[in-house]
Amino acid sequence: MKRILIADDERPARSELRFLLEKILKDLNQPDAEVMEAGSGAAVLDLIDKYTFDVCFFDIEMGDIKGTKLAETMRQKNLDTAIIFVTAYENYALNAFDVDAVDYVMKPFDENRIRKSIEKLMKRRASTRPMPGPFALPAGDHMEVVVADSISYIEAIHKGSKVHCHKNIYYSNEPLIEWEKKLKPAGDQFCRIHKSFIVNFDACEALVPDYNNGYACKLKECDNAVIPISRNMIHDVKAHFCV
């Protein structure tokens, strides 16, 4: 899980839910997930045009645009984002699934209830696509657990590799050829587009011109890193994106 959006016009409610989510995500070995906030429906519309989200927590009763209307808009855009409604009113919960919401949570928030919602979503996503990992990677004096979805790209370095995730960078003693084997169960999501780089295609924002009439992958994360594509891989990369 890479990015979560909390939309609520009450700042204390956003802050409480964010605190609980970050705690739960850390417990579930998803510490790299980014939690973003929106204080209005208009702010949500702006954010979904700029970022992709794995899940959105929508307060149903926001001042300018109702959460159910935002969910309908996302479905019309065919965005593959899970919707979880937040409400203080039980009668609204019955309507939550009319827009294919995966769950709803009641205010005041209960940590165990939110944990069940996140676990339910993770199981649902795991059932649709096999995913390798998680991987334990060194981080100073300890090891951190990293899930494959949080990896944007892997870079070859002397005697190993550098694993670039959404928020952090880790160093691994294993070369790219070993990472290719580890990531193979993910199918074509990860590709060695260059002798020195493996890229997560889900993290790719655009194909951009590169040196000598070549192309490169511009990433959504990692400061919009631009990863070169070797000439012998351009056809495969274009085919993946139906270019």
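The model is predicted. Strands β1 and β2 run parallel, and the crossover between them is right-handed. The structure has three aromatic pairs, and a search of the whole of it gives one cavity of 30 Å³ or more.

**Strands β1 and β2**

- Strand β1 covers residues 3–7 and strand β2 covers residues 34–38; five bridges join the two.
- One of the residues involved is I6, whose bridge partner in β2 is E37.

**Aromatic pairs**

- Three aromatic pairs are present in the structure, among them F135 with W179 and Y153 with F197.
- The ring centres of F135 and W179 are 5.1 Å apart and the planes stand at 70°; planes over 60 degrees apart count as edge-to-face, so this pair is edge-to-face.
- F135 belongs to strand β6 (residues 135–139) and W179 to helix α6 (residues 176–183), so the pair links distant parts of the chain, 44 residues apart.
- F135 and W179 are both buried.
- The pair of Y153 and F197 is tilted, with 6.1 Å from centre to centre and 50° between the planes.
- Y153 is in strand β8 (residues 151–157) and F197 is in strand β12 (residues 197–200), so this pair ties together parts of the chain that are 44 residues apart in sequence.
- Y153 and F197 are buried as well.

**Charges over rings**

- W179, the ring partner of F135, also has K182 over its face, at 5.8 Å from the ring centre.
- At Y104, the charged end of R113 sits over the ring, 5.7 Å from the ring centre.

**The cavity**

- One cavity of 30 Å³ or more is found in the whole structure, and the largest cavity holds about 30 Å³ of space.
- The lining of the largest cavity consists of I6, A7, D8, L17, F57, F58, D59, V86 and F109.
- Strands β1 and β3 (55–59) each provide at least two of the lining residues.
- The most is given by β3, which supplies three residues to the lining.

Technical notes:
Residues are numbered from 1 along each chain as its sequence is written. This is a predicted model: local features need pLDDT of at least 70, side-chain atom pairs count only at pLDDT 80 or more; totals for chains, interfaces and linings use all residues. Side-chain values use heavy atoms; hydrogens and water are left out. Two strands pair if DSSP finds at least two bridges between them. Helices (H or I, at least four residues) and strands (E, at least two) are DSSP runs, numbered from the N terminus. A crossover is right-handed if, with the strands pointing away from the viewer, the path from the first strand over the helix to the second runs clockwise. Rings of Phe, Tyr and Trp (its six-membered ring) pair if their centres lie within 6.5 Å; planes under 30 degrees apart count as stacked, over 60 as edge-to-face and the rest as tilted. Buried means under 20% relative accessible area, exposed over 50%, partly exposed in between (1.4 Å probe, protein chains only). A charge sits over a ring if NZ of Lys or CZ of Arg is within 6 Å of the ring centre and within 35 degrees of the ring normal. On a 1 Å grid over the protein atoms alone, a cavity is a set of points where a 1.4 Å probe fits but cannot get out, and a pocket is an open set with protein on both sides within 12 Å along at least five of seven lines; lining residues have an atom within 4 Å of a point. Grid points are joined across faces, edges and corners, and a volume is the space filled by probe spheres set on the points.
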